[in-house]
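Reader: Hey, could you walk me through this one? I'm new to it and will just ask as I go.

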Amino acid sequence: MKKIHSLSSHLLLLITLTAIATPTTITSATTIGVTYSTPASISATAQLSPDRIAAKVVSMNIPAVRLLDSNPALIRAFAYTNVSLFLSVPNPLVPLLASNRSLAMRWVYRHVLPFHPRTKISIISVGNDVISYSPDVSPFLLRAMQNVHQSLVDLRIYKISVSTTFSFFNIVPTAFPPSSAQFQQPNGEVIIRPILQFLERTNSSFLINLYPYNMYRSSFSIPIGFALFEEFPFNFRDDLTTGVRYRNLFDMMVDAVISAMAVMGHENLPVIVAETGWPSSGIDASEVDATLLYSEMFLKALLTHLRSGSGTPLRKEGVSEVYIFELVEKDARQGIRNWGLLHHNMTSKYSFEFSDGGEIRTFIKLWTGCFVGVVMLYLLM
């Protein structure tokens, strides 16, 4: 009896010590994905087949991809993978889907029904930055979203949410202090407020394209270290209204969006950053900060920040998803910015790995295994 009691004590000790030795959180709450669009012209990237793109994404351990053009061949290529897809409805189609419910159903029949649930489709964005690129389309946004959502419901597809994507610069005129941010009028009341109400009713997310690079370029008062997450003594901004100290520009912009939603009574809506990044080259020689070095610094620091699970000052859980723009480099020609994680030949531009910390988890497993082995040997002695 004493031996059994001793064995039970040792087993309890083993369980307790193993629990202490194993970190409770080894993955971030934020899903980190990438964007991809099929090249519009014949080029080196045009030779990349959908199957090759899907295989590359899987090999890089990227859990989510935003397809900017929702190519059905690409959607099919991700079938039976664990990669979640974020689909997009092109801006020119928005008025058509708004005015004709059957066209919305036809879009769903073409881009969702043949692939769901073999392909994991998580969200559909009806339009992308419509207020900027297609302002005449803006009045049709909500109706088109409602028609796409109802088409999914009619097909008994309930786990795919419907939203639209806004651009930070076109809806939030002032980012600092974040606590004072509001949506730009009249679009805030006319377009954004009813969309927020729709998102709340349908348990969807607010989608925002958010580029610290653009904010940094627009204001001489923002030091580059603040945009690049660098921990320097003067790389901070204090919001005197809330008493919050911001250590990086990304969090400040996210909290400005959250504050603007709060003004309209929707502060708890999940936020997805649909695009972000830092260009490795600029449109011309004036973009002296669009370099490969700064691009790598930003991306490494952003991934570290998101995986830390620290969130933002106004939202401890942070944003639910972030999509890095973009997976593959576009054509290297004058007059365009380059953002890609990969060259045309699918090799990496950067020295760091995009994967989600698999090496850390492997180390933890090995360390825990060794620890358990030592304790078991002790019990058997």
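Reader: Let's start with Val65: what stands opposite Val65 in E3?

Author: Val65 stands opposite Leu85 in E3. The chain goes from E2 through helix H3 (residues 72-77) to E3, and this β-α-β crossover is right-handed. Right-handed means that, with the strands pointing away from the viewer, the path from the first strand over the helix to the second runs clockwise. Helices (H or I, at least four residues) and strands (E, at least two) are DSSP runs, numbered from the N terminus.

Reader: In which sense do E2 and E3 pair, and over how many bridges?

Author: Strand E2 (residues 64-67) pairs with E3 in the parallel sense, over three bridges. Two strands count as paired if DSSP finds at least two bridges between them.

Reader: Before I go on, what kind of model is this?

Author: This is a predicted model, where local features need pLDDT of at least 70, side-chain atom pairs count only at pLDDT 80 or more, and totals for chains, interfaces and linings use all residues. Residues are numbered from 1 along each chain as its sequence is written, and side-chain values use heavy atoms, with hydrogens and water left out.

Reader: Where is Asn128?

Author: Asn128 is in strand E4 (residues 120-128). E4 also pairs with E5, in the parallel sense over four bridges, and the bridge partner of Asn128 in E5 is Thr165.

Reader: Which residues is Asn128 in contact with, beyond its neighbours in sequence?

Author: Leaving aside neighbours within four places in sequence, Asn128 is in contact (heavy atoms within 4.5 Å) with Arg66, Asn91, Tyr133, Thr165, Asn209 and Glu275. The side chains of Asn128 and Arg66 are joined by a polar contact of 3.1 Å. A polar contact is a pair of N or O atoms within 3.5 Å; within protein, one must be able to donate a hydrogen and the other to accept it, and residues adjacent in sequence count only if both atoms are side-chain atoms.

Reader: New topic. How many aromatic pairs are there?

Author: A search of the whole structure finds 13 aromatic pairs. One of them is Trp278 with Phe298, a tilted pair with 5.6 Å centre to centre and 35° between the planes. Trp278 lies in the loop between strand E9 (271-276) and helix H13 (292-307) and Phe298 in helix H13, so the pair ties together parts that are 20 residues apart in sequence. Rings of Phe, Tyr and Trp (its six-membered ring) pair if their centres lie within 6.5 Å; planes under 30 degrees apart count as stacked, over 60 as edge-to-face and the rest as tilted.

Reader: Are Trp278 and Phe298 buried or exposed?

Author: Both Trp278 and Phe298 are buried. They also belong to a cluster linked by ring pairs, including Tyr211, Phe250 and Trp339.

Reader: What is phi of Phe229?

Author: Phi of Phe229 is near 65°, a positive value in a residue other than glycine. Most residues other than glycine have a negative phi, and most peptide bonds are trans. Phe229 is buried, with a relative accessible area of 12%.

Notes:
Buried < 20%, exposed > 50% of the residue type's maximum accessible area, 1.4 Å probe, protein only.
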